[in-house]
Amino acid sequence: MGMDFNDVQHPRGMGLMVAFDLFTKKMRDDVIIEAARNGLVILGCGFKGIRLIPPYLVGRKEIDEAISILRKALKTCSQPRFRHKGKICDFLDCGEKTT
C-alpha cells in the first residue's frame, strides 16, 4: 500500500480492495473522521480495521490523492493528545461539540 507509518498493521487485500488495522479502535475512528474532514470517505471494519474500496473506474491521480489524505490523517491522529474539532464532530457525534 505504500504507507510508511508504524501505526499500520496487517495490510491485506487484492487489487484495489485493501484493508489494514491500527493499534486501537479510537485511532481507527479518529483516522476515519480526519479523512472525512479532508474529503476521503473510508470504512471501518472489524474492531480496529480500515477498509479501502475505491470505485471501479479510478485513475492514478485519485489514488494518489486518497493516499495523501490518508497519510495526513494518520500523521495528524498520531499526535499526542489529538482531539477532533469542528462541525464534523457535531455531525458524527464524536464527543467534541461546537457551539
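Colleague: Which residue of strand 2 is the bridge partner of Met-14?

Modeller: The bridge partner of Met-14 in strand 2 is Met-17. This is a predicted model in which local features need pLDDT of at least 70 and side-chain atom pairs count only at pLDDT 80 or more, while totals for chains, interfaces and linings use all residues. Residues are numbered from 1 along each chain as its sequence is written, and side-chain values use heavy atoms, with hydrogens and water left out.

Colleague: What makes strand 1 and strand 2 a pair?

Modeller: Two strands pair if DSSP finds at least two bridges between them. Strand 1 (residues 9–14) and strand 2 (residues 17–21) have four bridges, in the antiparallel sense, so they meet the definition. The strands themselves are DSSP runs (E, at least two residues), as the helices are (H or I, at least four), and both are numbered from the N terminus.

Colleague: What lies between the two strands of this hairpin?

Modeller: Two residues lie between them, and Gly-15 takes a positive phi near 60°.

Colleague: How do you know that strand 2 also pairs with strand 4?

Modeller: Strand 2 and strand 4 share four antiparallel bridges. Among the partners, Ala-19 bridges to Arg-51 of strand 4.

Colleague: What is the strand order of the sheet, and what makes strand 1 and strand 3 edge strands?

Modeller: The sheet is open, with four strands in the order 1-2-4-3 and antiparallel pairing. Strand 1 and strand 3 (43–45) each have a single partner strand, so one side of each has no neighbour in the sheet. From one strand to the next the twist averages 25°, the angle being taken between N-to-C directions (range 0 to 180 degrees) of axes fitted to C-alpha atoms.

Colleague: Why is the contact of Arg-12 and Asp-21 called a salt bridge?

Modeller: The term needs a side-chain nitrogen of Lys or Arg within 4 Å of a carboxyl oxygen of Asp or Glu. The N to O distance from Arg-12 to Asp-21 is 3.1 Å, so the pair qualifies. The structure holds five salt bridges.

Colleague: Which residues belong to the salt-bridge network of Arg-28 and Asp-29?

Modeller: Arg-28 and Asp-29 form a salt bridge with the closest N and O atoms 2.8 Å apart. Shared partners join Lys-25, Arg-28 and Asp-29 into one network. Arg-28 counts as buried at 7%, and Asp-29 as partly exposed at 25%.

Colleague: How does the span of helix 1 stand against the expected value?

Modeller: The expected span is 1.5 Å times one less than the number of residues. Helix 1 has 13 residues and reaches 18 Å from first to last C-alpha, close to the 18 Å expected. Its buried residues include Met-27, Val-31, Ile-32 and Ile-33. After the helix comes Gly-39, with a positive phi near 95°.

Colleague: What makes a group of residues a nonpolar core, and how many does the largest one have?

Modeller: A nonpolar core is a set of buried Ala, Val, Leu, Ile, Met, Phe, Trp, Tyr and Cys residues joined through side-chain atoms within 4.5 Å. The largest has 18 residues; among those with the most contacts inside it are Phe-20, Val-31, Ile-50 and Leu-70. Strand 2, helix 1, strand 4 (49–52) and helix 2 (60–77) each give two or more residues, and helix 2 gives the most, with five.

Colleague: Where is Glu-65, and why is it called partly exposed?

Modeller: Glu-65 is in helix 2. Its relative accessible area is 47%, which falls between the two cut-offs. Glu-65 and Leu-40 are 25 residues apart in sequence, with C-alpha atoms 9.0 Å apart.

Colleague: In what order do the elements of the protein chain run?

Modeller: From the N terminus they run β-β-α-β-β-α-α. Of the 99 residues, 31% count as buried.

Notes: Buried < 20%, exposed > 50% of the residue type's maximum accessible area, 1.4 Å probe, protein only.
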